[in-house]
Amino acid sequence: MKNNINCIAKSQKGKTTQWLRGFSIKSAAFAGLMMLASCESDLDKINENPNDQASVDPKVLLTYVSKNAFQVNGENMYASRMMIGTDGENVYQYMKWNDASFEVYTTGLLNTGKMMQEAEKINNKNYAAIGKFYRAYYFFNLSLKFGSIPYTEAVKGESGITQPKYDSQETVMAGILSELKEANDLINTNDKIEGDIVYNGDASKWKKLINSFRLKILITMSKKATLGSYNVATEFASIAGNQALMTSISDNGELKFADAADSRYTMFNNSGYGSSLYMADYFINLFKARQDPRLFTFAAQTTAAKEAGKPLTDFTGYNGGDPNSSYSDNAALITAKNISKVNDRFYKDATNEPSSVLSYSELEFILAEAASRGWISGSAKSHYDNAIKSSFSFYQTYVKNPGQYFSGFNVNLYLASPSVIYNDSDLPETRLEKIMTQKYMTMFHQSQWTSYYDYLRTGFPKYPLKEGVAAPFRFRYPQAEYNYNSTNLKAALATQYGGNDNINSKPWWLQ
């Protein structure tokens with residue numbers, strides 16, 4: 001199976017923009033499989049149908065798509081003021097990024113579509129439902145990254161659409177909400193789910209993730225009253241009150257890593273993590289101020305603290321660098337032995353912690369925010385407290401030797417401390433800041449760009465920014481789009497941003 005997946009990955013390399021030139025789902029996903037002789041012996045899952053050589057069991061594609069979707073993304077750690085670099089100017093740290101890629105159309109969406117096609121052949125509704133989840137997941141993140149994107153005409157090379165039109169963000173968000181609603185209706189306990197490295201074939205857990213992700217989309221659109229025919233607050237309340245949702249960390253939408261080829265933790269053996277990546281003082285100081293022991297699982301002691309023999313749980317032994325200072329100034333902290341590296345488990349532990357796209361903790365923060373906004377009834381404080389408790393439970397479960405970090409810690413005392421306690425009587429902005437700050441504190445190497453998008457949406461927590469430097473709202477469209485789909489791209493730019501494709505153009509969802 002692992003070699004089979006690796007072959008699929010190899011067949012995708014370098015084909016990011018092929019879908020724009022009529023590259024079909026079959027050819028994108030399987031031309032490489034059928035042509036790479038070195039992989040042929042591993043393709044035992046390919047059906048031997050002489051009339052349909054492109055057929056493949058959907059379980060093979062489910063494994064590949066899941067593995068690809070759930071990887072850790074380290075870029076947002078810089079933009080979100082959690083980490084800094086000391087060996088050069090990191091564009092994400094200094095808010096200077098430019099364009100991004102549409103690669104996910106081939107690596108993710110084409111293979112997802114092919115999985116759904118193959119599922120239809122064997123009348124398995126669960127693969128179709130999971131496929132709708134992944135479509136929603138990919139299009140959601142693509143739209144947040146750029147703005148308007150190809151959606152209704154995307155990945156339709158087989159139908160002759162080689163230059164797909166761009167759809168507005170509202171169309172995309174309303175569309176994926178409908179796809180997730182369909183996925184919820186399709187998922188069932190009868191159709192077998194094989195190749196499932198997320199939930200091991202448990203359809204009930206997929207149902208919980210699908211519905212919980214619907215809530216994530218809606219809360220992300222909190223600045224909007226409606227999305228197409230959906231009333232944002234009303235739809236949120238309906239889902240929260242009537243659909244199955246995650247209830248514990250065992251429901252987390254996460255990938256667990258294994259110490260085997262192509263299955264290890266994303267940052268395992270990453271040279272940068274071992275040499276030049278350090279903690280940002282803004283992030284560290286939130287934990288130090290609250291005496292929060294999760295810090296010890298993220299960061300390493302300063303060299304000076306180690307040499308002084310300070311206990312791992314001594315908060316004075318941790319220090320970060322200023323994300324707004326020059327990398328050379330932060331490098332000087334290394335010489336002074338007064339800066340914490342990223343905890344070495346992130347690059348030395350082949351399995352480390354699972355990587356989530358949506359955790360139970362995040363869901364509880366989403367529900368806390370919705371209750372605080374008056375979208376749902378019930379106690380915002382209860383959801384807030386549950387979110388924090390489940391975050392501690394996650395680290396106590398997955399971090400090796402948790403006793404060295406959490407011995408003697410009492411989460412209930414933590415929740416009652418002045419800087420943490422949630423009070424329903426506080427002003428709405430104060431309540432929102434509490435929720436978003438604690439949510440941010442759970443997202444070190446988790447949930448990809450969520451913490452940054454939350455900051456753009458709410459202004460919390462209050463990132464330190466260099467004077468005169470704004471936090472970018474988006475990425476520029478890839479150059480390949482200018483080369484192969486320029487007419488549709490330029491029309492989308494004119495509609496959204498007055499023709500200006502720059503990182504400080506504010507997209508619809510933030511207006």
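Mentor: At the start of α9, a side-chain oxygen of Asn 231 comes to within 3.3 Å of the backbone nitrogen of Ala 233. Such a polar contact is a pair of N or O atoms within 3.5 Å; within protein, one must be able to donate a hydrogen and the other to accept it, and residues adjacent in sequence count only if both atoms are side-chain atoms. The model is predicted, so local features need pLDDT of at least 70 and side-chain atom pairs count only at pLDDT 80 or more, while totals for chains, interfaces and linings use all residues. Residues are numbered from 1 along each chain as its sequence is written, and side-chain values use heavy atoms, with hydrogens and water left out.

Helix α9 covers residues 232-242, and its buried residues include Val 232, Glu 235, Phe 236 and Ile 239. Here, buried means under 20% relative accessible area, exposed over 50%, and partly exposed in between (1.4 Å probe, protein chains only). Helices (H or I, at least four residues) and strands (E, at least two) are DSSP runs, numbered from the N terminus. Seen down the axis of α9, the buried residues fall within an arc of 105°, so they line one face of the helix. That arc is taken from the directions from the helix axis to the C-beta atoms. On the other side of α9, Thr 234, Gly 241 and Asn 242 are exposed.

The buried residues of α9 are covered by elements including α8 (203-220), β2 (226-227), β3 (230-231) and α16 (360-373). Contact means heavy atoms within 4.5 Å.

One of these covering elements, α16, leads on to a further helix. The axes of α16 and α20 (residues 428-441) come within 10 Å and cross at roughly 175°. Axes are lines fitted to C-alpha atoms, for helices over the stretch in contact, and angles run from 0 to 180 degrees between N-to-C directions. The two helices α16 and α20 are therefore roughly antiparallel to each other, a term for angles over 145 degrees. On the α16 side, the contact involves residues including Phe 365, Ile 366 and Glu 369, and on the α20 side Arg 431, Leu 432 and Ile 435 are among them. The residues of this contact of α16 with α20 divide into 6 nonpolar, 2 polar and 5 charged. In that division, Ala, Val, Leu, Ile, Met, Phe, Trp, Tyr, Cys and Pro count as nonpolar, Asp, Glu, Lys and Arg as charged, and the others, Gly among them, as polar.

Key. Angles under 35 degrees count as roughly parallel, over 145 as roughly antiparallel, 65 to 115 as roughly perpendicular and the rest as oblique.
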